[in-house]
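Q: I'd like to go through this structure with you before I set anything up. Could you take my questions as they come?

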Amino acid sequence: MKVLVIGSGGREHALCWKIKQSPFVSHVYCAPGNAGISKHAECVDIKDTDIEGFVRFARAEEIYLTVVGPELPLALGIVDRFEKEELRIFGPSKGAAEIESSKVFSKNLMKKYKIPTAFFSTFNDFDDAVRWVKEVKPPLVVKADGLAGGKGAVICKTEEEVFDALDAMIKGKVFGDAGERVIIEEFLEGEEASFIAFTDGETVLPLESSQDHKALLDNDEGPNTGGMGAYSPAPVVTPVVHRKIMEEIMIPTVNALKEEGRKYKGVLYAGVMIKDEEPRVLEFNCRLGDPEAQPLMMRMKSDIVPILNAIVDEKLSGKTIEWRSDASVCVVMASRGYPGDYKKDFEINGLKDVESMEGVIVFHSGTALQNGRYVTSGGRVLGVTALGKTVPDAIDLAYKAVRLIKCESLYYRTDIGRKALKYL
Ligand SMILES: Nc1ncnc2c1ncn2[C@@H]1O[C@H](COP(=O)(O)OP(=O)(O)O)[C@@H](O)[C@H]1O
Ligand SMILES: [Mg+2]
């Protein structure tokens with residue numbers, strides 16, 4: 001069968017790499033893809049917002065299965081459009097994807113179905129919000145309702161910080177329509193983890209636990225980014241926490257969405273804050289995390305393709321996934337300046353040396369090929385991902401590989417995975 005993967009980041013590289021290994025798959029396309037992806041898939045120049053372009057391509061090439069990586073095409077309704085054309089596609093419908101694309105929808109759903117999360121209120125008026133904040137008192141978190149590219153959540157320690165964030169979102173419209181409505185919520189303490197599951201709307205099949213590192217600098221300092229690294233498993237998700245997340249969060253949420261007439265098919269990702277083994281939801285995403293997907297795909301032993309197809313066919317019940325017992329760590333190498341402005345087109349050397357290392361794969365995000373050489377072309381550039389018997393082993397191997405990659409403009413954190421060590 002022919003498979004089309006939509007997206008162009010490290011997550012999509014990991015998906016293409018994994019899908020390509022399936023004996024059921026004859027050809028993998030990726031749109032738009034990137035230089036690294038082009039080793040595992042044929043890259044096609046269609047932008048991730050060009051829904052009609054994807055429909056035409058899937059028809060013309062007789063694509064058996066389309067897999068959507070990022071949230072934007074899902075929020076734009078690509079799944080509804082494909083289903084109308086009777087084309088097979090993996091991902092939630094537009095209505096179901098609102099669990100990510102509208103934080104107001106998501107918080108109200110959690111409230112209605114008693115799914116544990118921070119207490120909150122919704123505002124579209126600055127003065128109303130100010131009155132509420134004076135009553136509840138910081139620390140608080142202000143969040144834009146809509147998609148804001150991972151920059152729409154502002155943690156505020158003082159009232160002034162809350163007012164500044166509200167001012168920027170409601171009055172200044174820094175996130176456009178996405179910030180017209182805001183959520184203000186309780187600040188939760190604890191340790192964060194990513195809990196990612198496959199679901200066909202009935203059955204919930206969890207992936208292994210993982211954790212990402214959002215902050216730019218070591219020790220979680222500096223501004224938030226799309227993610228500077230990830231590891232799996234995340235020991236903060238103990239068996240007790242795992243059971244609670246499944247019983248109190250994942251299963252009730254999938255049931256709630258069905259109840260609301262928005263049956264959810266695809267990847268459901270809960271960002272959870274865990275304190276004293278009590279998990280509470282920070283947000284839901286409607287797709288795999290990037291960079292969590294990179295270590296997860298490396299650890300997945302089973303063929304992913306039958307699972308994806310079972311979800312499309314709503315036949316996930318009884319399916320299982322086999323995982324390697326190894327841990328995996330992904331260190332992101334990013335352009336200096338990211339998440340702000342940065343320069344591009346720096347040559348990347350040493351990738352060949354890393355290729356020959358066993359247990360290491362470099363997933364590409366922002367790379368391009370120029371005269372046969374890899375150059376930087378984005379904020380996050382590479383995700384150097386390694387397997388190891390334990391998390392410390394995987395950390396060592398990942399950084400050994402990172403040090404072989406030579407590029408003057410690349411920066412990386414030196415403490416990816418360290419949070420896991422306190423549990424060992
Ligand atoms: N209520 C909260 N308490 C503490 N930290 C939070 C809270 N909400 C969000 N955060 C932090 O902010 C980050 C981004 O928030 P999130 O809700 O995931 O929005 P988005 O990913 O859309 O930017 C989270 O990963 C978490 O680190
Ligand atoms: Mg998030």
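**Strand pairing, domains and the ligand shell**

A: To begin with one pairing, strand S12 (residues 211–212) and S15 pair in the antiparallel sense, with two bridges between them; please keep in mind that this is a predicted model.

Q: Which residue of S15 does Asp212 stand opposite?

A: Asp212 stands opposite Ala230 in S15.

Q: And what does S15 do with S18?

A: S15 and strand S18 (residues 327–335) also pair in the antiparallel sense, over four bridges, and within that pairing Tyr231 has Val329 of S18 as its bridge partner.

Q: Are the faces of S15 covered or open?

A: Both faces of S15, which spans residues 229–232, are covered. Gly229 and Tyr231 are buried on one side, and Ala230 and Ser232 are buried on the other. As background, side chains in a regular strand alternate between the two faces of the sheet.

Q: Switching topic: in what order do the strands of the five-stranded open sheet run?

A: The order is S3-S2-S1-S4-S5, and the pairing is parallel. Strand S3 (42–43) and strand S5 (89–90) are the edge strands, each pairing on one side only.

Q: How many bridges join S1 to S4?

A: Strand S1 (residues 2–7) is joined to strand S4 (residues 65–68) by four bridges, the two strands running parallel, and Val5 has Val67 as its bridge partner in S4.

Q: Which helix packs on that sheet, and at what angle to S4?

A: Helix H11 (residues 304–312) packs on the sheet and touches S4 and S5, and its direction makes about 95 degrees with that of S4.

Q: What about Asp303, where does that sit?

A: Asp303 lies in the loop between helix H10 (293–299) and H11. The C-alpha atoms of Asp303 and Glu322 are separated by 8.8 Å, the two residues being 19 apart along the chain.

Q: OK, domains. What are the bounds?

A: The domain assignment gives domain 1 (2–94), domain 2 (125–180), domain 3 (193–312) and domain 4 (327–421).

Q: How many residues are in contact between domain 1 and domain 4?

A: Nine residues of domain 1 are in contact with eleven residues of domain 4. On the domain 1 side of that contact, the residues divide into four nonpolar, five polar and no charged. The centres of the two domains, taken over C-alpha atoms, are separated by 24 Å.

Q: And ligand 1, which residues come nearest?

A: Of the 16 residues around ligand 1, the nearest are Ala118, Val141, Ala153, Leu188 and Glu283. Strand S7 (140–144), strand S8 (153–156), strand S9 (182–186) and strand S17 (278–285) each give two or more residues to the shell.

Q: How does that shell divide by residue class, and which domains does it draw on?

A: The shell around ligand 1 divides into seven nonpolar, three polar and six charged residues, and it draws at least three residues from each of domain 2 and domain 3.

Q: Last one: why is H5 described as largely enclosed?

A: Helix H5 (residues 94–101) is largely enclosed by the rest of the structure because six of its eight residues are buried. Those buried residues are Ala96, Ala97, Glu98, Ile99, Glu100 and Ser101, and they pack against helix H3 (71–75), helix H6 (103–112), helix H9 (239–259) and S17.

How values were computed
Residues numbered from 1 in each chain as written. Chains lettered and ligands numbered in written order. Predicted model: local features only at pLDDT ≥ 70, side-chain atom pairs only at ≥ 80, totals over all residues. Pairing = 2+ DSSP bridges. Contact = placed C-beta atoms within 7 Å. Axes fitted to C-alpha atoms, helices over the stretch in contact; angles between N-to-C directions. Domains from an automatic or database assignment. Nonpolar A, V, L, I, M, F, W, Y, C, P; charged D, E, K, R; others polar. Near = placed C-beta within 6 Å. Buried ≥ 20, exposed ≤ 12 C-beta atoms within 10 Å, placed from the backbone.
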